[in-house]
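Colleague: I'm new to this, and I'd like to learn how to read pockets and helix packing. Can we go through an example together?

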Amino acid sequence: MEKILHVTTSHKIDDIRIFMKECSTLAENGYAITLMGFGAISSTYQERNVKVVSIKLIENKRMFRLIINPIYVFTRIMRSDFRIVHFHDPEFMLYAYILKVLFHKKVIYDIHEDVPKQIMQKDWINRSLRQFVSASYKNIEDFLSKRFDCLIAATESIKRRFEKENKNTVGVYNYPDLSLLPDISNNYKTRDSVCYIGLISRERGISELIKAIQICGVNLILCGEFESSLFRKEVESLAGWANVTYLGRLPYREAMNKVNRCFAGIVTFLPFPNHLESMPNKLFEYMAMGVPVIASNFETWKNIVEKEKTGICVNPRDPDDIARAISFLRCNSEFMETCAFHGRLLVINNYSWNSQYQQLHNAYKKLLA
């Protein structure tokens, strides 16, 4: 049996897409999968049929994540007997290319984000340099991507971009695995909170959301990690923080159980270029849990939320607009239940992981043929 390595230098070792969906599902279907990444301790263990190699994270600073971690991982795998190396972080691109050229590995690049667009909204990059850095990065990424054996795109817009560079580009979208979700409750009349699950950052509209819950007086269940201690202090100073129940980062099923107690799931990302055509997993997770969504009024999202009657779209920069949507849902239980029903059915029929796994499986079969 061919040995396959998934490697991540920036994501958490238990990342939902990498470990719970891709690695676990592949392993359950007979592939010999090893996942290598960084965690709290150095250990090797077996979980969900996946061999996990956890390397102790020395520092969580940007320099280590972008420079040191990829080098360390590269030195561990360059002489290994893995036939396929499936990597998930752009900072590993150069090392993946070396693995292909010098060590004759077959290489898969799993592209989670449109990084050139992301760079344009990075506060830590000088504003006057962002255009240059973004264009330079795109040229390097395009050059290397042409040479990898397969590209896996997490969204349709990423797929459209990269299939121009590499004909072996496959869309494997980040839809929820229904088997990982807890049972849902249909008792909407007792629900009095809204929720946000995921990375807590300025770009994702958290400040505007907290201002909105102050306006409408509703409790917000907030689960996830802050992008920085500075941003955490900033939002904790807002008056609406008194209406927040902050739970930190929770295990996946536990976080989904919190969603199950809410009358709306919030995904009001700000309209940055990288967000406009994104398909955030949480949007579909809320719907899969039978919870109406309040989402940004991007055209791509309106086609899912408003057209399919799964919730309400709002201006993510306007706390008053977000507050109005929250208050409307709270006071209209019949509309709430209709949105919940349509959302759950839509995910089951069109947006579940089962269909995406088949795309991944076909890509692997082609590489191993």
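Colleague: Which helix gives the most to the lining of the second largest pocket?

Modeller: Start with the general idea: rolling a probe the size of a water molecule over the atoms shows where empty space is left. Keep in mind that this is a predicted model. Here, α5 gives the most to the lining of the second largest pocket, namely four residues. Helices α2 (62–77), α3 (93–103) and α5 (130–145) each supply at least two residues of that lining.

Colleague: What volume does the second largest pocket have, and which residues line it?

Modeller: Its volume is about 220 Å³. Among the lining residues are Leu66, Ile67, Pro90, Glu91, Met93, Tyr137 and Leu144. Sort the lining by class and you get ten nonpolar residues, one charged and no polar.

Colleague: Okay, now helix packing. At what angle do α7 and α13 pack?

Modeller: Two packed helices are described by the angle between their axes and the distance between the axes. For α7 (residues 206–216) and α13 (residues 319–331), the angle is about 55° and the axes are 8 Å apart. Angles from 65 to 115 degrees would count as roughly perpendicular and those under 35 as roughly parallel, so α7 and α13 are oblique to each other.

Colleague: Is the crossing of α7 and α13 left-handed or right-handed?

Modeller: Right-handed. On the α7 side, the contact includes Leu209, Ala212 and Ile213, while α13 brings in Ile322, Ala323 and Ile326, among others. By class, the contact of α7 with α13 has nine nonpolar residues, four charged and one polar.

Methods
Residues numbered from 1 in each chain as written. Predicted model: local features only at pLDDT ≥ 70, side-chain atom pairs only at ≥ 80, totals over all residues. Heavy atoms only, no water. 1 Å grid on protein atoms, 1.4 Å probe; cavity = no way out; pocket = protein on both sides within 12 Å on 5 of 7 lines; lining within 4 Å. Points joined across faces, edges and corners; volume = space filled by probe spheres on them. Nonpolar A, V, L, I, M, F, W, Y, C, P; charged D, E, K, R; others polar. Axes fitted to C-alpha atoms, helices over the stretch in contact; angles between N-to-C directions. Parallel < 35°, antiparallel > 145°, perpendicular 65-115°, else oblique. Left-handed = near helix turned anticlockwise from the far one by under 90°. Contact = heavy atoms within 4.5 Å.
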